[in-house]
Amino acid sequence: MGCGSSSIKIKKSAKTIRAALIIQNWYRGYRARLKARQRYALTIFQSIEYADEQGQLQLSNFFSFMLENYVHIQEKDPTLVNRLFGCAPQDDRGRQECVGIIEVPESYSGPRLQFPLNTNSLTIMIEAFKKQQILHAYYVLEILFETKEAMKQMPNFTHIRTCPTKEITICGDLHGKLEDLLLIFSKNGLPSGYNPYVFNGDFVDRGKCSIEILMILFVSFLLYGDDLCLNRGNHEDFLMNMRYGFTKEVLSKYKIHGKKILQVLEEVFAWLPLGTIIDDEILIMHGGISESTDLNLLHHIERNKMKSVLMPPVPVDKDSGTETKKNKGHVPRGVKLSGSPSDYLTKHEWEQVIDILWSDPRGKRGCYPNTCRGGGCYFGPDVTSKFLNKNHLKLLIRSHECKPEGYEICHDGKVITVFSASNYYEEGSNRGAYIKVGFCTTLRFFQYQVTKATCLRPLHQRVNTIESSAIRILKERMVSRKTDLIRSFQLQDRTKSGKISMGQWAFSMENTLGLNLPWRTLSSHLVLTDDDGNIDYMTCFHDIQIQKPVKEAQSALIETLYRYRSDLQIIFNVIDSDHSGLISMEEFHSMWKLFCSHYNLHIGDSQVDELAERMDLNKDGSIDFNEFLKAFYVIHQLDNLNKSNTQLA
């Protein structure tokens with residue numbers, strides 16, 4: 001009896017183990033599939049983000065073209081020329097003249113600061129920001145002027161050291177996400193002489209609280225300058241801010257003094273150091289390196305001469321009207337810049353800064369153009385090793401790229417990427433991270449994720465949300481090129497059946513959109529396939545369309561305006577020097593003709609004229625270009641359907 005009972009127990013135990021293994025294998029496969037979907041969604045977000053950055057960098061060529069062809073611009077606004085090409089004239093008004101005319105009324109209920117600042121100032125400000133209070137423009141400008149003066153005393157690279165009792169915390173991109181910064185401080189403590197920090201650029205844009213983050217970081221810098229390092233990122237740039245939200249945020253929060261705040265910020269950004277070096281062994285820069293990165297040169301360039309990394313600041317010899325021999329650049333013929341050649345960076349110096357702010361590491365050996373972003377380069381492990389050995393360094397810590405886990409180690413442990421903005425693309429899309437560097441370069445990594453709920457939603461819900469958001473923005477990209485895509489599909493559809501093979505569809509998508517995405521894998525989310533595996537290509541657009549502000553407008557025009565709306569907004573904002581939001585019809589027509597000429601767009605002038613005239617609501621000869629561009633938006637029909645279903649329920 002005993003033996004029989006024992007064998008039954010063994011059999012039951014074996015069945016239990018086998019069942020557990022089946023469940024375990026199923027769950028592992030299920031989780032792996034979810035993770036794969038999450039990776040594909042992040043790939044979509046990143047590809048579109050980099051494509052937008054590429055378009056932003058290409059704007060520099062347009063500005064050169066604009067200044068060369070728009071002959072009235074130098075007579076009307078000569079300061080615009082110098083601003084774009086890196087040598088904006090300094091505002092002669094002193095700090096007192098600027099800030100002294102601003103009063104803080106008794107009715108102001110936000111935080112009140114005392115100057116000189118003290119540790120209590122930082123605490124008061126943080127508590128106010130938690131309550132979503134706005135810091136008065138008087139205090140903002142005071143802090144900015146003090147920061148600018150302190151930054152002027154800083155070298156291009158800040159040198160700091162660890163000690164047995166003090167670790168240094170390194171944070172990556174924050175991108176206006178105040179909750180991430182507050183969470184870091186909650187977990188790791190506020191900056192102090194005993195708790196030093198390095199913030200590695202990209203403090204602003206995308207998020208809604210960029211100015212609050214800047215105020216916290218600048219006040220911390222003014223209090224603990226030796227123990228708080230701020231590096232410049234590629235988004236500390238006034239042209240980037242016009243596209244990615246910071247300019248709009250400042251003008252929205254500070255309607256009266258926003259313009260002046262932006263002007264001073266432009267100078268502060270130019271004075272930000274380029275990097276930090278810890279213990280003469282760890283180099284921290286925002287982007288990366290190239291095979292030609294010269295650390296010695298970067299230590300000595302006059303960094304404040306680069307107002308925007310998006311414009312090559314190369315002067316023209318005013319006497320001859322030609323480029324100076326020393327600087328071979330892209331300045332348009334006949335454009336005259338104020339100042340002497342010594343007021344500008346050379347093209348070589350400018351390229352050096354571009355590389356350290358825009359470059360990304362890759363596994364492939366060598367150094368080659370960063371075609372995704374359009375600026376900087378991709379650098380391989382061999383380039384890293386050679387650079388570190390040449391400069392007697394052990395490690396490069398950089399940011400600039402969103403990573404699913406908040407950080408990533410590559411190049412045989414010699415390059416670390418740290419990214420501190422969690423939920424960067426969508427809630428649940430990625431963790432944030434920071435690094436603590438201890439004595440003798442010991443590293444510790446800390447991850448976190450800001451969430452509004454008391455606990456994270458299940459993985460499948462998070463992945464569904466991320467995936468839906470990614471597909472949504474991808475479809476918007478597709479509908480902005482609808483005419484071009486249909487033309488490409490029809491070239492493949494020789495029988496005029498309305499269907500093409502999966503390979504033909506994937507080729508057309510990549511050839512037209514250039515996003516380097518796994519189109520075959522994504523096809524089930526974007527298009528209908530028949531039983532034979534052929535693609536009904538018009539179903540790409542069955543649930544999405546661009547709203548037409550004028551019904552008679554041709555689709556090609558609507559798609560073009562929608563596709564280039566961010567570029568056009570930046571161009572018009574640059575021309576709109578008084579930030580009124582208005583430009584004359586003459587300026588609008590002139591810019592549009594130049595834009596079409598430069599980008600080789602074949603759109604009839606009469607169509608645009610009719611649209612612009614309809615947007616001149618009060619018929620005063622000016623149009624609100626921001627409202628004009630807002631008129632072009634995408635309608636997701638499934639959204640309307642879901643809303644209807646929700647209402648019916």
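1. Ala506 touches Trp519 and Arg520, leaving aside residues up to four places away in sequence. Ala506 itself sits in helix α17, which spans residues 502–513. Its relative accessibility is 11%, under the 20% cut-off, so Ala506 counts as buried. Leu517 lies 11 residues from Ala506 in sequence, and the C-alpha to C-alpha separation of the two is 9.3 Å.

2. The model is predicted, and confidence should be read alongside the geometry. Mean pLDDT for the protein chain is 85, with 85% of its residues at 70 or more. Residues 315–336 stay under 50 in pLDDT, yet the model gives this stretch 48 contacts beyond four places in sequence. Over residues 640–649 the pLDDT is also below 50, and this stretch has one contact in the model beyond near neighbours in sequence. Where pLDDT is low, the predicted coordinates should not be read in detail.

3. On the chain as a whole: 24 helices and 21 strands are assigned in the protein chain. Of its 649 residues, 53% count as buried. Among contacts between residues at least 6 apart in sequence, 73% join residues at least 24 apart.

4. Helix α10 (residues 246–253) packs with helix α11 (residues 258–271). How do their axes cross? The two axes come within 8 Å and cross at roughly 140°. The crossing of α10 past α11 is right-handed.

5. Which residues make the contact between α10 and α11? From α10 come Phe246, Thr247, Val250 and Leu251, and from α11 Gly258, Lys259, Ile261, Leu262, Leu265 and Phe269. Sorted by class, this contact of α10 with α11 has seven nonpolar, two polar and one charged residues.

6. Helix α10 also packs with helix α8 (residues 210–223), at an angle of about 90° and with the axes 9 Å apart. That angle makes α8 roughly perpendicular to α10. On the α8 side the contact is made by Ser210, Ile211, Glu212 and Leu214, and on the α10 side by Phe246, Glu249, Val250 and Lys253. These residues divide into four nonpolar, one polar and three charged.

Notes. Residues are numbered from 1 along each chain as its sequence is written. This is a predicted model: local features need pLDDT of at least 70, side-chain atom pairs count only at pLDDT 80 or more; totals for chains, interfaces and linings use all residues. Side-chain values use heavy atoms; hydrogens and water are left out. Axes are lines fitted to C-alpha atoms, for helices over the stretch in contact, and angles run from 0 to 180 degrees between N-to-C directions. Helices (H or I, at least four residues) and strands (E, at least two) are DSSP runs, numbered from the N terminus. A crossing is left-handed if the near helix is turned anticlockwise from the far one by less than a right angle, and right-handed if clockwise. Contact means heavy atoms within 4.5 Å. Ala, Val, Leu, Ile, Met, Phe, Trp, Tyr, Cys and Pro count as nonpolar, Asp, Glu, Lys and Arg as charged, and the others, Gly among them, as polar. pLDDT is the predictor's confidence in each residue, from 0 to 100. Buried means under 20% relative accessible area, exposed over 50%, partly exposed in between (1.4 Å probe, protein chains only). Angles under 35 degrees count as roughly parallel, over 145 as roughly antiparallel, 65 to 115 as roughly perpendicular and the rest as oblique.
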